[in-house]
Amino acid sequence: MPTVGVTDLKDDDFLLDVREDDEWQAGHAEGALHIPTSEFVDRYGELTEAAPQDGRVHVICRSGGRSAQVTMYLVQQGIDAVNIDGGMQSWAAAGRPVVTDDGAPGHVL
């Protein structure tokens with residue numbers, strides 16, 4: 001499965017956060033699209049509308065398990081998708097900003 005590390009990401013890369021609502025509300029990457037894994041198939045159209053047409057989708061969850069499942073699904077659909085190794089835990093550990101919906105500092109659940 002295609003995987004990238006947090007340090008490989010550029011600031012303008014498209015992020016899809018597949019964590020559940022309580023995790024998202026505690027803190028997330030600014031600008032990420034949020035579609036929980038539990039709702040992903042039903043909300044797939046939101047991703048296809050928001051994702052860059054010829055760009056890559058970088059999928060993130062807490063540690064990399066759920067995002068790996070979603071990444072595999074997207075690749076099967078012909079989407080250029082990669083799993084972010086270590087998820088939001090690695091994101092935060094690398095010093096990348098974690099924010100709440102109102103822009104305040106957040107944390108990873």
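Is threonine 71 buried or exposed, and what is its relative accessibility? In this predicted model, threonine 71 has 0% relative accessibility and therefore counts as buried, since the limit is under 20%. The residue lies in helix α3.

The secondary structure of the chain comprises four helices and five strands. Read from the N terminus, the order of the elements is β-β-α-β-α-β-α-β-α. The C-alpha trace spans about 35 × 25 × 25 Å along its principal axes. A compact globule of 109 residues would have a radius of gyration near 13 Å, and the value for the chain is 13 Å, so the two agree. Of the 109 residues, 44% count as buried. The accessible surface amounts to about 5,700 Å², and carbon and sulfur atoms account for 46% of this area. Among contacts between residues at least 6 apart in sequence, 61% join residues that are at least 24 apart.

The five strands form an open sheet with parallel pairing, in the order β1-β5-β4-β2-β3. Strands β1 (3–4) and β3 stand at the edges; each has a single partner strand, so one side of each is left without a neighbour in the sheet.

The bridge partner of phenylalanine 14 in β4 is valine 57. In a regular strand, side chains alternate between the two faces of the sheet. In β2, Phe14 and Leu16 point one way, while Leu15 and Asp17 point the other way, and all are buried. Strand β2 is also part of a right-handed β-α-β unit, together with helix α1 (residues 21–26) and β3.

Strand β4 is likewise covered on both faces, with Val57 and Val59 on one side, His58 and Ile60 on the other, and all of them buried. Three bridges join β4 to β5, and these strands run parallel. Valine 59 stands opposite asparagine 83 in β5. The chain crosses from β4 through α3 to β5, and this β-α-β crossover is right-handed. Helix α3 (residues 65–76) lies across β2, β4 and β5, and runs at about 170° to β5.

The contacts of threonine 71 can now be placed against this background. Leaving aside neighbours within four places in sequence, threonine 71 is in contact with Met1, Pro2, Val59, Ala81, Val82 and Asn83. Val59 belongs to the buried residues of β4, and valine 82 has its place in strand β5.

Not counting residues up to four places away in sequence, valine 82 touches Pro2, Val4, Arg56, Val57, His58, Val59 and Thr71. Valine 82 and glycine 55 are 27 residues apart in sequence, and their C-alpha atoms are 11 Å apart in space.

Isoleucine 84 also lies in strand β5. With a relative accessibility of 0%, isoleucine 84 counts as buried. Beyond its neighbours within four places in sequence, isoleucine 84 is in contact with Val4, Val6, Leu9, Leu15, His58, Val59, Ile60, Gly64 and Ser67. Among them, Leu15 lies in β2, and His58, Val59 and Ile60 lie in β4. Isoleucine 84 and valine 18 are 66 residues apart in sequence, with 11 Å between their C-alpha atoms.

Methods. Residues numbered from 1 in each chain as written. Predicted model: local features only at pLDDT ≥ 70, side-chain atom pairs only at ≥ 80, totals over all residues. Heavy atoms only, no water. Buried < 20%, exposed > 50% of the residue type's maximum accessible area, 1.4 Å probe, protein only. Helix = DSSP H or I, 4+ residues; strand = E, 2+ residues; numbered from the N terminus. Pairing = 2+ DSSP bridges. Right-handed = clockwise from strand over helix to strand, strands pointing away. Rg over C-alpha atoms; globule rule 2.2 N^0.38 Å. Contact = heavy atoms within 4.5 Å. Areas by Shrake-Rupley, 256 points an atom, 1.4 Å probe, with all protein chains shown as cover. Axes fitted to C-alpha atoms, helices over the stretch in contact; angles between N-to-C directions.
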